[in-house]
Amino acid sequence: MAIAISGPRVLLKQLRETMAEPLASQARLDKIVSLIADNMHADVCSFYVLRDDGALELFATRGLAASAVHMTTLRLGEGLVGLIAAQAEPLSLDNAPAHPAFAYRPETGEDPFQAFLGVPVLRAGQTLGVLVVQNRDSHAYGEDEIEAMLTTATLLAEMMSTADFDALIKPGQDIDLRRPRQFAGNGFSDGVALGKVVLHDPRVVVTNFVAEDTEVELQRLTDALDRMRLSIDQMLSHGDMQSFSDHREILESYRMFANDRGWVDRLTEAINNGLTAEAAVERVQNDTRARMMRSTDPYIKDRLHDLDDLANRLLRVLTGDGATGKKDLPDNAILVARNMGPADLLEYDRTRLRAVVLEEGAAISHVAIVAKSLGLVAVGQAENIVSMSETGDDIIVDGQQGTVYLRPTPDMIQVYVDKVRLGAKRRAHYLELKDKPAITRDGHEITLLHNSGIVADLPMLQDTGASGVGLFRTELQFMIASRLPRLREQVELYSEAIRLTEGKPIVFRLLDIGGDKVIPYLRYEAEENPAMGFRSLRLALDRQGLLRIQIRALLQAANGGPMKILVPMVTDAWEFRQTRLVVNKELERMKHAGQTVPSKLELGAMIEVPSLLWELDQVLPEADFVSIGSNDLVMFLTAADRGNKRVAKSYDPIALPRLRALKHIVDMAKRYNVPLTMCGELAGRTVEALALLAIGMTKLSMSPPSIGPIKEMILGTELTPIRNSVSAALLEGAHGPGIRELLLDWAGRQGLVI
Ligand code: PEP
Ligand code: MG
């Protein structure tokens, strides 16, 4: 015999009324299970809640022994209820006790019940609990009943996220929904931040669950789907999107899903069961998410993200909620996003942002570079964090460890409050050092400079007391822009950068694009090895229009003052020579037009391709200065991709072979009397920087937060004995101690904070 249900719509209305009634939490739950049991003509209705210790606790029942409430528990995966929770899928049985997973709990008195239907209570694909109905007789529940239960569970999930369960929970326990969670990601930018979650692309909060009029809701769905499809089509036909790009691919898959009959049918069915159009979208997305999240196939995971985006887009159309949370940030905002572009990040009020957490990204991704240059803590690859976070949740981000703590325990908060305090103390100490010159105890003076990429980070020069900007990565502005910046825009940008450095020197590096630095509006052919492909200076010399405009802009921005231009990725000396010709042509052009040329123009070469090490005899006499890009140089010397964490960490950049290469450059620059700077990441790490000082480098350019620790190290160092000992080790080769061990030993002896 199939059970006749009096209609989920009636039930949903009753449940909504019950939720609005002024009842105590337990009384409300008792009433809810009774209503469900009555409506479904079930002998039993029980509601189990997943606790933070992984147990499913019976929270309310009609039909089982009342004394079992808050007493009976099942572990995840244990019994039928545990199975449903673990698999996040409904389970319908005509003879429950015969199922191999059935776990008999005598205190509940459930043995006489044969028919069983349980559904997971899901939110953002996560199991929060299980809702069960049971009947004495043996029969199979139909599709309609399963659907009705799933719809009811959607409402319960929403109730759980807002209900006050405190009175029902034993001390020391909590419901799983509020469980502290830890994410092991990758640190992109050092530091520690405590704050409140701000979802970059927040899920639309559905507040209206129960439909007043199903026909109206069906029509709303149809209209919203039409509008969404239209907007996707418009985006696809937009001029900028004509070429092949990832973005286009994503939109194509959106279009495919938006027209998918199965998806639309499931939405329609949920509305027919009494939900509003927006609640139907949430319900269907929950099920899809729960199913797809278990897949380890990266393709499916990608599609899941697409579907999530699409569902959120549809919810926005339905609720008219276009807010992206960029306004009204809390004071200690921590952005949580699947991914975002650098431009997205820059739209936020930077004075209130503390950190960025991404599910995707890489340390060298553009958003990570921008986050770093803004002094934000950043962690990437925090899997699934978006669906587990709510705006306003407490969160701790540890950029050093790459760890994120969501809803941290009080103990954890205390640990990090202490760390932050220590960090603040250290920063205050560094601030005190800012006007002190960086001179070692035995009198070696070192110049400390900033690496920069956007004008927004230049005012930090005042806080660090650095001597200037050793590397201004001009490509970052190109990456942030939506189209190629015109001459006038570039002149304005470089002028602004010069103004903000307040008379201190600034080195502008010519566009270093291609490879990992993708500029969306410039077309590229896909390359097998982009790091070794058509990039940087190779691209610039091939498309000289771009190069000429940039040089012209830089020369104009100098406004009659000095100008330093750095040429990236010089592989052969002729490339540097060629660039010099373009610069000279532009100078001639300026003079011809009666414009004021820079008072002093210096052209420098980056040493970051190994081949150039054996052509320094040619390049050094022609260069006004040189700068080592250790990020690329070490990558090419070791044939280990700097962005691939599995190999990049395998080779110590200051181990003998690399340090010998660096020492060769130092010696050659000295021989030709050409100023040399190190502007790769090595310069900003204490042990590595000590190695650089030991081989005779005196100019280090680094990201601004590194200036303080490096200066402190310099002030405490007696360099001469370390120099002698490293020189000896370089000569001794493999028979001597490892360079890193040697330096750590010296640091210990001299009491350096390293
Ligand atoms: C380098 O390669 O070390 C460098 C400073 O340049 P980028 O990191 O921008 O490639
Ligand atoms: Mg480089």
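Me: What share of the contacts in the chain between residues at least 6 apart in sequence join residues at least 24 apart?
Reply: Contact here means heavy atoms within 4.5 Å. In this chain, 67% of the contacts between residues at least 6 apart in sequence join residues at least 24 apart. Do keep in mind that this is a predicted model, where local features need pLDDT of at least 70, side-chain atom pairs count only at pLDDT 80 or more, and totals for chains, interfaces and linings use all residues. Residues are numbered from 1 along each chain as its sequence is written, chains are lettered from A and ligands numbered from 1 in the order in which they are written, and side-chain values use heavy atoms, with hydrogens and water left out.

Me: How many helices and strands are there in the chain, and what percentage of its residues is buried?
Reply: Helices (H or I, at least four residues) and strands (E, at least two) are DSSP runs, numbered from the N terminus. The chain has 27 helices and 22 strands. Buried means under 20% relative accessible area, exposed over 50%, and partly exposed in between (1.4 Å probe, protein chains only). Of the 754 residues in the chain, 54% are buried.

Me: Which residues are closest to ligand 1?
Reply: A residue is near a molecule if one of its heavy atoms lies within 4 Å of it. Ligand 1 is surrounded by 14 residues, and R473, R509, K517, N631 and R642 are the closest. By class, seven are charged, four polar and three nonpolar; Asp, Glu, Lys and Arg count as charged, Ala, Val, Leu, Ile, Met, Phe, Trp, Tyr, Cys and Pro as nonpolar, and the others, Gly among them, as polar. Helix α21 gives the most to this shell, with three residues.

Me: Where are the polar contacts of ligand 1?
Reply: A polar contact is a pair of N or O atoms within 3.5 Å. An N or O atom in the side chain of R509 is 2.7 Å from an oxygen atom of ligand 1, while D632 places a polar side-chain atom 3.1 Å from a ligand oxygen. G629 takes part through a backbone N or O atom, 3.4 Å from an oxygen of the ligand.

Me: Are E608 and D632 buried or exposed?
Reply: E608 is buried, with a relative accessible area of 2%, and D632 counts as buried at 3% relative accessibility.

How values were computed
Polar contact = N/O pair within 3.5 Å; in protein donor to acceptor, adjacent residues only side chain to side chain.
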